[in-house]
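These are my notebook entries from a first reading of a structure. I set down what I looked up, topic by topic.

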Amino acid sequence: MKKDLMQGTPLIYHYLKKYQEDSSSRVFAPLAEAYRKAGLLDEAIDIARDGIRIHPHFIGGRVALARALFDKRQFAEVVKELEPVVLDAPDNLVAQKLLAESYLILGRVAQALAAYKTLLFLMPQEEEIVKMVTEIEEKAYENGALVLQREPTPVKSYSVKGAFDAISDDPEVKRKEWIKKIESLQLMLVRVQRFKLAKKA
């Protein structure tokens, strides 16, 4: 038996007992996370989806599902789960980071940049996020339409490939497209600021 599975088993049993006592409770989220940490991704996904059917607006449940989907490299599904989450709770750091990385891996550079900038707004001193935003922006401005594709591993290696094939090769057209995306990003950051102020009120 794998070491991580052995370490995760007591925690799984703990939450599984509570879940069996009341399958309608929100304990499905930590149970799914325990399964994920033990490497039991299919079990984590199944239990999280079962729980979300009962608690469709429970953010913790959707984040637990997204973590397992990310580990299983189902990045389009991660995006599907987390886009509504960050609309409701833009200051959820885990959701924003998973969404940003999934966008980037899928080649959706404009959305990735928006998500990373939201993270930067929330954590301005985080050096890794500063570096990611700077790198994405520099390559985007230099080339008009480029994608940084990153594997979800600690390895700091990136590959660059063309994107937005439907956009004309005309540099002016590309420039206007990026201006639109930047304006959209600024509106998103304003929304995050209003959300934070509303929570303090």
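I began with the terms for accessibility: a residue is buried under 20% relative accessible area, exposed over 50%, and partly exposed in between. By that scale Glu83, at 28% relative accessibility, is partly exposed. I note that the model is a predicted one.

**Entry 1. Salt bridges**

I looked up how many salt bridges the structure holds, and the number is 11. I recall that side chains of opposite charge can pair when their charged atoms come close.

I started from Glu83, which forms a salt bridge with Arg108, with 3.5 Å between the closest N and O atoms. Glu83 belongs to helix H5, whereas Arg108 sits in the loop between helix H6 (93-106) and helix H7 (109-122), so this pair ties together parts that are 25 residues apart in sequence. Arg108 has a relative accessible area of 30% and is therefore partly exposed.

I then turned to Asp42 and Lys72, whose salt bridge has its closest N and O atoms 2.2 Å apart. Asp42 is in helix H3 (residues 41-54) and Lys72 is in the loop between helix H4 (59-71) and helix H5 (75-88), so parts that are 30 residues apart in sequence are tied together. I checked the accessibility of both: Asp42 is partly exposed at 41%, and Lys72 is partly exposed at 35%.

Are Arg36 and Glu33 buried or exposed? I found that both are buried. Their side chains meet in a salt bridge, at 2.6 Å from N to O. Both residues lie in helix H2 (residues 28-37), where three residues, about one turn of the helix, separate them. I also found that Glu33 and Arg36 are linked with Arg67 and Asp71 in a network of salt bridges.

**Entry 2. The second largest pocket**

Rolling a probe the size of a water molecule over the atoms shows where empty space is left. I looked up the second largest pocket, which holds about 160 Å³ of space. Three members of the salt-bridge network, Arg36, Arg67 and Asp71, are among its lining residues. The lining also includes Phe70, Val94, Lys97, Leu98 and Glu101. Which helix gives the largest share of this lining? I found that H6 does, with four residues. H4 and H6 each supply at least two residues of the lining.

**Entry 3. Helix H6**

I followed H6 next. This helix has 14 residues and reaches 20 Å from its first C-alpha to its last, close to the 20 Å expected. At its start, a side-chain oxygen of Asn92 comes to within 3.4 Å of the backbone nitrogen of Val94. Just after H6, I noted a positive phi of about 85° at Gly107.

Of the 14 residues of H6, 10 are buried, so the helix is largely enclosed by the rest of the structure. Leu98 and Glu101, which line the second largest pocket, are among these buried residues. Others in the buried set include Gln96, Ser102 and Tyr103.

**Entry 4. The nonpolar core**

Which residues touch the most other members of the largest nonpolar core? I found Val78, Leu82, Tyr116 and Ile136, in a core of 46 residues. Helix H1 (3-21), H2, H3, H4, H5, H6, H7 and helix H8 (127-143) are the elements that give two or more residues to this core.

How values were computed:
Residues are numbered from 1 along each chain as its sequence is written. This is a predicted model: local features need pLDDT of at least 70, side-chain atom pairs count only at pLDDT 80 or more; totals for chains, interfaces and linings use all residues. Side-chain values use heavy atoms; hydrogens and water are left out. A salt bridge is a side-chain nitrogen of Lys or Arg within 4 Å of a carboxyl oxygen of Asp or Glu. Buried means under 20% relative accessible area, exposed over 50%, partly exposed in between (1.4 Å probe, protein chains only). A nonpolar core is a set of buried Ala, Val, Leu, Ile, Met, Phe, Trp, Tyr and Cys residues joined through side-chain atoms within 4.5 Å. The expected span of a helix is 1.5 Å times one less than its number of residues. A polar contact is a pair of N or O atoms within 3.5 Å; within protein, one must be able to donate a hydrogen and the other to accept it, and residues adjacent in sequence count only if both atoms are side-chain atoms. On a 1 Å grid over the protein atoms alone, a cavity is a set of points where a 1.4 Å probe fits but cannot get out, and a pocket is an open set with protein on both sides within 12 Å along at least five of seven lines; lining residues have an atom within 4 Å of a point. Grid points are joined across faces, edges and corners, and a volume is the space filled by probe spheres set on the points.
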